[in-house]
Amino acid sequence: MASDDLCYLDHAASTPLRTEVFDVMVPYLRDHFGNPSGAHRVARDARRALEEARDRVAEVVGSSPHDVVFTSGGTESDNLAVRGFVSQEYPTPVCPATEHHAVLDPVEHLDGRIVRVDSTGRVDLEHLAASLDPSVGLVSVMAVNNETGTIADLASISDVVRSSAPQAILHCDAVQAANWLDLVDVYAKVDALSLAGHKIGGPKGVGVLVVSASATPRPMLLGGGQEHERRSGTQNVAGAVGFAAALLATTRDRASQAARVSALSDRLVAGAIAIEGVEATVGAEARVPGICHLTTSVNSEDLLILLDREGVMASAASSCASGALNPSHVLLAMGRSVAQATGALRLSMSHGSDNAQIDRLLEVLPPAIETLRAASDGSGRA
Amino acid sequence: MKRALVAMSGGVDSSVAAALMVESGYEVEGVTLRLWGGDSDSGCCSVSDVDDARRVAQQLGIVHHVFNYADSFDEVVVTPYVEAHGAGLTPNPCIECNRHIKFHRLVERSDLLGFDVLVTGHHVRKVDVAGRPRLARSVDDTKDQSYVLHMIDEEVLARCEFPLGDMTKADVRDRAAKLGLRTAHKPESQDVCFITSTEGRSRFLGERMVLHAGELVDIDGTVVGSTEAIELITIGQRRGLDLGGSTERRYALDVDLPSRRVVVGPAEQLETNAVRLADHRWVAEAVIGPVLAQVSAHGESHSATLDGSGQLFWDVPRRRVAPGQSVVFYRDEVVLGGAVAALGSCSVSEST
């Protein structure tokens, strides 16, 4: 099947690199190869590009350029925040149960506290307040959930954290939010923000932690002292240039893309829930338009295989290291059963998604589910 | 084009099986089963084995999937394995995995997903006997795996292919090397996949059940030694019995869990002419009369007779079979079925 025929509905996993991003990266892969820490002209060229990229990111997020720390991506940014803001004095990190593993795992590793969510995936504010005390060094809440698309009520969360744990740093994993939410608005409510390049039409292997200069995370990587001692290691100059370009393009297109993808999402969900046994996990009003999460009555592993055969690429829950699907911790935290979590289907869109792809999906999804449902009814297999 | 789903463990056999199916003109996809969520000898939930299977699939240009059967595996293999030890049995978890996971759930799954055949890299042959499919031994006697696949009935067998049955292990490795597959020189997995060689069976079981100390007694009841875990002693076992420095070769003749006693004695006391069997599984019709019977995965087969109630009588007395072990029946090279040695089959009073 030619790539033109591919129906890629897995943008929350990774997005195609925007052509304009690729174009601005190439000179820094080929010509301006210098180490930005050096003193000569080749190094200066690289350093200038790096700092221009930093300025652009700061502008989009509404921060000082000094706040922008380039990292290898969302996972590193999240780890730097969680691990970097707990200390002997404030040893306890706190996060909701629906966080990405890049936050959840370091929080659990540090014996942190996990906050309950409601059936939509929104943080239980009373439980959050009850989880906060003077030992808390960091609270981390994602702006948009990567599986369900649920938008967090950051204003209320921020109020609770400021009043119940004023000493705590409030970090926000905004990796999935950048396509859909105004990042100035998000950053204004928190102290630190993680973003990743490849979720917004940029390259893999680059991201940022934006963190106000008054709160310096303890670094995980020690070495040359780059990024104001917050993240040692020669910077990925082409990556930073690409990241900034992708963030600018995403910000420029955000309003028009949100409107366009909303219409696609409405069609997708209406068509999908007409299939017996299919339900939308989160209503359109509570989520970003680009992530449509469904539960079906059939096994996700099988459904993804049948969809893939028809050229439709989707995903289900998070995979473990082996690549096997595990029942989603997000859905379980939202009170769904293991059976529901086993039938999860995430269809996600951003730039490049169009009506023809929704047509294709709605053509192949009903027969795929019907095939699996008929067989499982027949054999009694769940 | 016919579609084949190849169960790829990440070992050399299933790698070559997949390659042979591609060469035979099938549209092939590979699947690795995630069975065990805990530690294994190839790392947590065998990630490196999955990586190897995926890489081989890439080299062969076929699609690769991972199916998560960890919950099922726990339910139908690991938990019964632990419970069987608690009941005084010596279970074979590989047979249970083949029975419940590979040749039940996975076969159904391959049907569901539109595959015409399920393929594995087992060293067995599928042969035609009077127009009906039968499982037969590999041409490589030393690698034959028909014992652990005896439970596949003819209906399931019709949906399976075993492309390695006519090859020796050396042929398989040679083919893998020629194809440049990364698994060509990979060592064979030996033991139970969910028990690590560093942890061992006693620690694995000790964490999941209560192990009881017991006495070792000789046939007249004299205490001659002790054991820390009577549940780990298997009928016929000689090594690891603490007999207080006695040099005489003595074997576990009987394990009586309720009284926490193991009867030990010389090899000749192990011999019996009958095996009490339960849980028979037939490839097709039940068989009565002379058969060849095999009582361990790589043991020899011996002449015996099955009576109308499914009990086995050896032509020449043989060592007792530990309860819980499978006994597999053959006619020449062809598997007829099998059964499980039942508790009580080995009591001293039955020996003749």
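This is a predicted model: local features need pLDDT of at least 70, side-chain atom pairs count only at pLDDT 80 or more; totals for chains, interfaces and linings use all residues.
**View 1**
The domain assignment divides chain A into domain 1, made of residues 3–15 together with 254–379, and domain 2, which covers residues 19–249. Taken over C-alpha atoms, the centres of domain 1 of chain A and domain 2 of chain A are separated by 27 Å. Contact between them involves 23 residues of domain 1 of chain A and 22 residues of domain 2 of chain A. On the side of domain 1 of chain A that touches domain 2 of chain A, strand E10 (291–295) and helix H10 (329–333) of chain A are the elements that give two or more residues. By class, that side of domain 1 of chain A holds 11 nonpolar, 10 polar and two charged residues.

**View 1. Helix H4 of chain A and its buried residues.**
Helix H4 of chain A spans residues 101–109, and A:Ala102, A:Val103, A:Leu104, A:Pro106 and A:Val107 are buried in it. Just after H4(A) comes A:Asp111, which takes a positive phi of about 55°.

A:Glu229 lies in the loop between strand E8 (207–211) and helix H8 (237–273) of chain A. Most residues other than glycine have a negative phi. A:Glu229, although not a glycine, has a positive phi of about 65°. Is A:Glu229 buried, exposed or partly exposed? A:Glu229 is partly exposed, because 13 other C-beta atoms lie within 10 Å. A:Arg254 has its place in helix H8 of chain A, and A:Arg254 is also partly exposed, because 17 other C-beta atoms lie within 10 Å. From C-alpha to C-alpha, A:Arg254 and A:Val26 are 25 Å apart in space, while 228 residues separate the two in sequence.

Chain B is divided into three domains, which are domain 1 (3–178), domain 2 (211–265) and domain 3 (271–350). The C-alpha centres of domain 1 of chain B and domain 3 of chain B lie 25 Å apart, and 21 residues of domain 1 of chain B are in contact with 17 residues of domain 3 of chain B. Strand E5 (124–129) and strand E6 (132–137) of chain B each supply at least two residues of the side of domain 1 of chain B that touches domain 3 of chain B. With five residues, E6(B) gives the most to this side of domain 1 of chain B. The classes represented on this side of domain 1 of chain B are 11 nonpolar, five polar and five charged residues. In the loop between E5 and E6 of chain B is B:Ala130, which has a positive phi of about 50° although it is not a glycine. B:Ala130 counts as exposed, because it has 5 C-beta neighbours inside 10 Å.

**View 2. Helices H1 and H6 of chain B.**
Two packed helices are described by the angle between their axes and the distance between the axes. Helix H1 (residues 12–23) and helix H6 (residues 169–178) of chain B pack at an angle of about 65°, with their axes 9 Å apart. H1(B) and H6(B) are therefore roughly perpendicular to each other, and their crossing is left-handed. The contact is made by B:Val12, B:Asp13, B:Ser15, B:Val16 and B:Ala19 of H1(B), together with B:Val172, B:Arg173, B:Arg175 and B:Ala176 of H6(B). By class, this contact has five nonpolar, one polar and three charged residues.

**View 3. Helices H3 and H4 of chain B.**
Helix H3 (residues 70–86) and helix H4 (residues 93–112) of chain B pack at an angle of about 160°, and their axes are 9 Å apart. H3(B) and H4(B) are therefore roughly antiparallel to each other, and the crossing of H3(B) and H4(B) is right-handed. From H3(B), the contact is made by B:Ser72, B:Phe73, B:Val76, B:Val77, B:Pro80 and B:Tyr81, and from H4(B) by B:Pro93, B:Glu96, B:Cys97, B:His100, B:Ile101 and B:Arg105. Eight nonpolar, two polar and two charged residues make up the contact of H3(B) with H4(B).

Technical notes
Residues are numbered from 1 along each chain as its sequence is written. Chains are lettered from A and ligands numbered from 1 in the order in which they are written. Domain bounds come from an automatic or database domain assignment. Two residues are in contact if their C-beta atoms, placed from the backbone, lie within 7 Å. Helices (H or I, at least four residues) and strands (E, at least two) are DSSP runs, numbered from the N terminus. Ala, Val, Leu, Ile, Met, Phe, Trp, Tyr, Cys and Pro count as nonpolar, Asp, Glu, Lys and Arg as charged, and the others, Gly among them, as polar. A residue is buried if 20 or more other C-beta atoms lie within 10 Å of its own, exposed if 12 or fewer, and partly exposed in between; C-beta atoms are placed from the backbone. Axes are lines fitted to C-alpha atoms, for helices over the stretch in contact, and angles run from 0 to 180 degrees between N-to-C directions. Angles under 35 degrees count as roughly parallel, over 145 as roughly antiparallel, 65 to 115 as roughly perpendicular and the rest as oblique. A crossing is left-handed if the near helix is turned anticlockwise from the far one by less than a right angle, and right-handed if clockwise.
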